[in-house]
Every structure is written in structure tokens, then in C-alpha cells.
Amino acid sequence: MASESVLEISGLSKTYGAGKMQTLALNRLDLSVHRGEIFGYLGPNGAGKTTTIRLLLDLIRPSSGSARIFGLDTRADSVEIHRRIGFLPGELSLWEGRTGDQIIHYVASVRGDTRGIAKQAGELAEQLDLDTSKRVRDLSSGNKRKLGLVIAMMHSPALLILDEPTGGLDPLVQQTFHEMMDDYRAKGRTVFLSSHVLSEVQAICDRVGILRDGELKAVESVEKITNVEFHWVDVTFRDTLPAGLQQQLESLPSITNISTNGARVRMRMAGDFDPLLRAISSGYVETLHVEEPSLEEIFLAFYSGDEETTI
Amino acid sequence: MNGTVVGNTLRTSWKQILYWGLGLGVLGLYIDFIAMSPDIISGYADLLKSMPPAMLQAFGASDIALLTTAEGWIVSVFVSEAAIFLSVFAVMAGLNITANDEQSGVMDVILSLPISRGAYLLERWIGFALIGLGIVLLCALITVGGLIGMNVDAPQDVILKSILNLYPATLLVMTVTGLLATSLRRRAVAIGAAAAFVVVSYIFNVIGAAASGAIADLMESVSYFSYIHGEAFVTGTYDPVDSVIILVAIVLGFAISLNMFVSRDIGV
């Protein structure tokens, strides 16, 4: 991957309101995204992800700091930057009374290339299985999202900025979207996407930035962020818990947060499965369910530096 | 700026020309129809004679003698009523320039495209200004066509000019509403403020024309209704300076609106 920066953010801050109502939405953000990478921008609701994206698009103005895309200032050169980027908002609103085709044609006209873009839009719509002849008001939320993706990608932008891109898309289309992103990366294009969905980040991103309370907590490779070596394990025995099981589990250093309910025991397990399997082998195991930690749990583990959790 | 947004505005909103133009045209035909009967006009004038000056002004009649002629009747009654209807259109059009798209979130998509905020605002304004022009032209053509069809003895060019003279005031209300929307940001607040602008202007015009003194003169001078002179085209006293004042106010209002829109956060 080339290390040339497509996006450079330096000391970017945004405050909403004034006086006692003032809220710091983004605090001195420094970040760079390289050409050809898919960068995941993660954080809980209200962390400042959408604020960052709106600042990059010059929809809102920074309280301090600056950002450059393709080496151009996002405020002074916004029109030139917008020519080369595609954007999908988190809460997509389109003209309800117009058809997908009409909207595509309009956006393509503003971009100044109706014919070429419309052809590309047709291919994308086919890939996403989207009927662009329907009015927006007749589209499901998932299909509206598809239309948003078509509009964002139809001019083959060098940088895609996507705010929660797969919300409302069914798993099959999500898979198609992941393939499209892989294709984007292969062509040397760059994607900056915000997401809550861990599996999506794992599947497509190269690096991840974690944002919380308006501050960037970490920027790491996706492997490092998501390689949290703990799981939630749920074991249900046929009759009752084997005698002494709870004490046995408590003695294992890799097992914590044990809770029991009748013949069922739930625990947090770090490291290898073998010690746990040996411990539960004294009873008849009816079901064994292993859960991946949630994104929030990964955040907490990442921030806390908890020794129980290895990252 | 390549006219794409103007074209899109016309494509999405051209039906307003039909709805408003035909509606006002029907009103014009109704007033033409009454103008065919001198008895009804003189009866109406007699009725107005007994009213106080403020009421006369509210009915669009500042000169009773003029009302007894067909052309005086048409310009006094039609122009004053059409001015109110066109003000309603202008408020709606002013909100459509930016406020509705900003409120719905569509603006985020638009402004992520390669078009500057200034160009977008100007193109939207031009689009709705053309729709307003279409409405005024359509209602003027229907009203004057009605005069010809009904064989009403009234100078058609005078009627046409007096109706076309509604256009600058319509643009002014649209521009002021657009300015309110870009500065107040919230659509509901902008609607309230724009409605207050129209109503207060109307009241100022009525009171200012009926009363005398410096305050009354001031009230009349700040009301845009007082610059819509239907009767002046009949009496030959139309002063182009009035239209120039309206045009200057439009340019000023648009410039402030542009400055606000370009410099502030969108959708916050």
C-alpha cells in the first residue's frame, strides 16, 4: 500500500452551541488516511463520527484546526474536492417524489457528465439489485440505501466517504457491498467509512480509528483492534450443574464473570478452550454456545487495559 | 454554475405555474366578468363610499371615482387581491429555496456535489423567480384574454402592465423569506417570520394610506404593498422609482442571504 495521504486532519475541533449550552463534539482530531486503504471510523453514538464527516465535506465549519483532502483545503477548495469524492450520509434523505433514475440523472448533471455516469450507475444498480425506476417514496429503507450507494459511487470517485453504509441492507447485499469495497481497494481508491458493525470492519477495513467523546483514542490495524482474545461462553447441562463445577471454573485464571441459572452457566473466557472443556466434561453438556464480544466490549477492553482481556 | 439546478427546480416545480397561474387567472376572469356590468361596479363603488378610508384601502380602493370605470375596477380589485395570493406563493417559494431541503436533509447530498453554496442558492432563486414569472404571465394572459373574449371596454395594455407590476413585489417577498430561512435556520420559525412580514406590511399599507402624518407616511413607505401601484397605470402616475426601490431591496436581501448561507453550518 502506498503511504501517500489522501486525507490529512490536523487539530480539528468542533463546538456546537454557545455559553452554557456549548458542547464539544470533536476535540483536536489528528488523523491521516492513505491512498488505497479502507479506513474504518468506529465509535459509539455521539462520539463525533458524523461531525468529522460533515466537517470534511464542508457542511459544517470547524471551531479550530483544518483538514486537507488530496492536498486541498476542505474549506477553500470544497468544490474541487467534491468533484473527486463520493458521499453517503448516515441518515440519507432524497427527493421523495422523484424516481431513482431522475435523481441519478440530476446528480450526474451537477457532476457534469450525464452519459458516462449514468452508464456506471446502471451497472452499480444491477450489482446491488436495485430498481431505479421506482419513486424514492416507494423504496424500502434498504433500497434507499442502495440508491445512496449508487449516487456516491457512480462517478468512480478517488475517495469514498460513507457514514454507516450498510445499515438496512440485507446480508446478501452487504456481501456484495464488501466485494465492491475490495474492488475499490484493488483499483487504488480510498474509502473512509464509519460503522458500528464489527463484522463489517473486520471484513473490509485495513485500519481502524476509535473515537469516543469527540477524541480519537486509537488508530490501529484492524487485526489488532478486533483480535480480542475473549469470548462469552454459555453452557447448558442436561439436568443440573455438575457438583463443584462453579469452584472448578473459578479456579481457572482464564474464566471470569461466571453466572449460573439452573442447569446453565455463562462465563467470560480468555485464551484457549481446553481448560474449560476439561472442566465441563464431568457433566452431560446439552448445548455450548460461544459469542464474539460486542464492539462496545472491545472498546472497553481496548480502553481499560484490563489484564483479564488480551488484545 | 451551469444551470442544472435551475433546470431541476423548474422540472420539479413547474406545476406551480399551472396551479397558481390558472387560479389567479380564474379570479381575473371573474373580475373581468363583473367589469362587463357598469351597474354592479357603480353599486360596489356606492357601497365603498360609506366606508372609512382604512376599509377602502383594505378593499384595494383608494379612489372611488376610478372604481366606476372598467379598468379602474379591474386594477384596483384584481391587483390588490392577486398581490395577497402571490405573497402566499412567494413565502412558499422562499422556503423552497433552501429551508425545505435543509430541514429534510437533502441538502447534505446536494452540497456534497461539486457546486458551491453560492451557486446553488443563486440557481434555486432563479428557478423560483422564473416560476413566479410564469405565474404572473399566465394570470395576466388569462385576465387580458378574458377582457378580449368578454368584449370589456378597457385598455388591455394598461391592465397587462398593472398585473406584470406585481412581479417585483412577489420577488421581494420570496427573497425576504429566503433570507429569513437562511438566517433563522428553522423552517417553522422562518414561516412565522415571513407570514408576519406579509401581514404587517399589509396592515402598515392600509393604515398608512388611510391616516396622515409622519408616522403614517413611514408605515406606508416600509410596506411593500404600497409599491404595487395598479391604479397608477390607469391614471398615468406610475413612478418607475418605486420598482427600482423594490429591485434594490431584492438585491440587498439576496446579498445578505447569500452571505449567511455561505458562512454558516448546514443542517445544525
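Helices (H or I, at least four residues) and strands (E, at least two) are DSSP runs, numbered from the N terminus.

This is a predicted model: local features need pLDDT of at least 70, side-chain atom pairs count only at pLDDT 80 or more, and totals for chains, interfaces and linings use all residues. Residues are numbered from 1 along each chain as its sequence is written, while chains are lettered from A and ligands numbered from 1 in the order in which they are written.

Now take chain A as a whole. Its mean pLDDT is 89, and 93% of its residues reach 70 or more. Next, select residues 306-311 of chain A, where pLDDT stays under 50. Where pLDDT is low, the predicted coordinates should not be read in detail.

Move to the sheet. Four strands of chain A form an open, antiparallel sheet in the order β12-β13-β11-β14. Strands pair if DSSP finds at least two bridges between them. Select β12(A) (255-261) and β14(A) (285-291): these are the edge strands, each pairing on one side only. Then pick β11(A) (230-237), which six bridges join to β14(A). Zoom in on Val235(A); opposite stands Leu288(A) in β14(A).

Last stop: show both chains. Residues are in contact if their C-beta atoms, placed from the backbone, lie within 7 Å. Chain A brings 20 residues to the contact and chain B 18. Select α3(A), which gives the largest share of chain A's side, five residues.

Key
Two residues are in contact if their C-beta atoms, placed from the backbone, lie within 7 Å. pLDDT is the predictor's confidence in each residue, from 0 to 100.
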